[in-house]
Amino acid sequence: MLIADIIRSKGSDVVTASPNDTVADLAGLLAEHRIGAVVVSGDGVTIDGIVSERDVVRAIPTRGADLISVKVSEIMTREVVTCTPKQTVVQLADLMTQHRFRHLPVVENDALVAIISIGDIVKARTALLEDERDQLIDYVRQ
Ligand code: AMP
C-alpha cells in the first residue's frame with residue numbers, strides 16, 4: 001500500500017503553525033485539532049520545521065513558566081525528515097521506528113501536500129494484515 005492511498009482516504013489537510021507563533025498558540029492548535037504535532041511553515045507550502053507536544057514538554061525544565069510566550073521557532077526541530085506519496089506504508093513504519101518520531105510530512109514537487117501520523121500507519125497496516133488473514137482463511141476453506 002502506498003502513502004498516496006492513505007492520503008486519498010484521509011485527505012490532505014495539514015495544520016501548520018507560523019515560526020512566530022507562541023507556544024501558547026501552538027498548544028491551542030494541538031488542542032483544537034486534537035493532534036500531536038504541526039508543521040511549521042511561514043508560507044504554508046515550504047517546511048521551516050516541525051514541532052510536537054514532546055518539544056513543548058522537553059522545553060519546560062529550561063524555560064519554565066515563561067515557555068508559553070516563547071516562539072515556536074525556538075523549540076521546533078529544523079531538520080525535518082519527509083516522505084513522498086509514492087513511498088509504501090512499510091517504508092514509513094521503518095522510518096518512524098528508526099528516527100523515533102510519530103509524524104512525517106508528505107512532500108511532492110517541493111510542496112507540503114499532507115502529513116502522516118503513526119496512527120495512520122498502524123490503521124493501514126492493521127487493515128492490510130486483516131485482508132491477508134481473510135484471504136488465507138478463504139484459501140484454506142476452499
Ligand atoms: P513525535 O514523536 O512526532 O511527537 O516527535 C518527537 C520528536 O521528533 C520531536 O522533537 C519532533 O519535533 C521531532 N520530529 C517529529 N517528526 C519529525 C520529522 N518528520 N522529522 C524530524 N523531526 C521530527
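Q: Is R63 buried, exposed or partly exposed, and at what relative accessibility?
A: This is a predicted model, where local features need pLDDT of at least 70, side-chain atom pairs count only at pLDDT 80 or more, and totals for chains, interfaces and linings use all residues. Residues are numbered from 1 along each chain as its sequence is written, and side-chain values use heavy atoms, with hydrogens and water left out. Buried means under 20% relative accessible area, exposed over 50%, and partly exposed in between (1.4 Å probe, protein chains only). R63 therefore counts as partly exposed, at 35%.

Q: Which residue forms a salt bridge with R63?
A: A salt bridge here is a side-chain nitrogen of Lys or Arg within 4 Å of a carboxyl oxygen of Asp or Glu. For R63, the closest N and O atoms are 3.0 Å apart, and the partner is E74.

Q: Which helices hold R63 and E74?
A: Helices (H or I, at least four residues) and strands (E, at least two) are DSSP runs, numbered from the N terminus. The two residues are 11 apart in sequence, so the pair ties together R63 in α3 and E74 in α4 (residues 72–75).

Q: Is D120 buried or exposed?
A: D120 pairs up with K10 in a salt bridge, with 2.9 Å between the closest N and O atoms. K10 itself is partly exposed at 38%. D120 has a relative accessible area of 16%, so it's buried.

Q: How many salt bridges does a search of the whole structure find?
A: One of them joins R102 to E53, the closest N and O atoms being 3.5 Å apart. The search of the whole structure turns up five.
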